[in-house]
Amino acid sequence: MTIRLELSAGAEGIALVKMEQGLDTATCRQLVLGLEEADAAESRAVVLTGTGDTFSPGADLARIVEGGARRIEEFLSELSDALLAVFGFPRPVVAAVNGHATGFGLVLAAACDHRVAADGEGRLGMPELHRGVPFPLAALEILRCAYGTTPLPALAYSGAALTIADALARGLVDEVAPAEELRFRAVELATRLAGLPAEAFAHTKAQLRRPYHERIAENRVSDDARVERLWCAEKPSK
């Protein structure tokens, strides 16, 4: 099991979704199922985090590309579904960024409603373009929603791995907490957001994100086809 779900039995009702490895087709499916289970259990909010010194390293691009066109198509479809499951979750989702968040790992953090990072040696960045592969539309629209359009070219074109301090200064994370307090702080934030009227929160979240969902729905099929072609054409290094 690469995604672990812990459902709170107390009044807080916070679900913890823990990622234990990078993203592949199976992990993406498990993430969607974990969120569906949290939703079915009527969890009031979700905390998304990783293990050790890594929130999420994204995907092993070279291994996926080596699998050929069919594997690429399957992965990109499941990946977009997983990213949208986080992005569209109707209740609060807080990212407890416990360490490195690169590539699609950064997109997962961006898909959440609030990002708190551990003060440490973690790095955040978007190296995909330097490996010869573009992001699918869903990923870019999620990044655009979280961070705005202006910072994205510098992040994508440079491929720089930013320190936590730089990430905070650039608004990629909302706050930083001591590593030993990260989970407590994330649960505290999730509980605070969960204290808002649930139906009103869900509607407001949907309103704020509607333009991004609409652009994804309108253009995903054609854009994904081009992304798949470019992934098949390139051989990214690890």
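Q: Which residues in α9 does α3 meet?
A: In this predicted model, α3 contributes A69, I72, E73, F75, L76, S77, S80, D81, L84, V86 and F87 to the contact. On the α9 side stand K205, R209, Y212, H213, I216, R220, D224, V227, E228, W231 and C232.

Q: How many residues of the contact of α3 with α9 are nonpolar?
A: The contact takes in residues such as L76 and L84 in α3, and I216 and V227 in α9. Its residues include 3 polar and 7 charged ones. The nonpolar residues number 12.

Q: Are α3 and α9 roughly parallel or roughly antiparallel to each other?
A: Their axes come within 11 Å and cross at roughly 170°. Angles over 145 degrees count as roughly antiparallel. The two helices are therefore roughly antiparallel.

Q: Which residue in α9 forms an aromatic pair with F75, and how many residues apart are the two?
A: F75 lies in helix α3, residues 69-87. Its partner is W231, in helix α9, residues 198-233. The pair links distant parts of the chain, and the separation is 156 residues.

Q: What is the geometry of the pair of F75 and W231?
A: The ring centres lie 6.1 Å apart. The planes stand at 35°. Planes under 30 degrees apart count as stacked and over 60 as edge-to-face. The pair is tilted.

Q: Why is the pair of F104 and W231 called tilted?
A: F104 sits in helix α4, residues 104-111, and is 127 residues from W231. F104 is buried, as is W231. The ring centres are 6.4 Å apart and the planes stand at 35°, so the pair is tilted.

Q: Which residues do ring pairs link into a cluster?
A: The structure holds 4 aromatic pairs. One of them joins F75 and W231. The cluster linked by ring pairs is F75, F104, F135 and W231.

Q: Which are the edge strands of the open sheet?
A: The sheet has 6 strands with mixed pairing, in the order β1-β2-β3-β5-β7-β10. Neighbouring strands are turned by 25° against each other on average, direction ignored. An edge strand pairs on one side only, and this holds for β1 (3-7) and β10 (175-178).

Q: Which residue in β2 stands opposite R4?
A: β1 and β2 (residues 14-19) run antiparallel. They are joined by 5 bridges. Opposite R4 stands K18.

Notes. Residues numbered from 1 in each chain as written. Predicted model: local features only at pLDDT ≥ 70, side-chain atom pairs only at ≥ 80, totals over all residues. Heavy atoms only, no water. Pairing = 2+ DSSP bridges. Helix = DSSP H or I, 4+ residues; strand = E, 2+ residues; numbered from the N terminus. Axes fitted to C-alpha atoms, helices over the stretch in contact; angles between N-to-C directions. Phe/Tyr/Trp six-rings, centres within 6.5 Å; stacked < 30°, edge-to-face > 60°. Buried < 20%, exposed > 50% of the residue type's maximum accessible area, 1.4 Å probe, protein only. Parallel < 35°, antiparallel > 145°, perpendicular 65-115°, else oblique. Contact = heavy atoms within 4.5 Å. Nonpolar A, V, L, I, M, F, W, Y, C, P; charged D, E, K, R; others polar.
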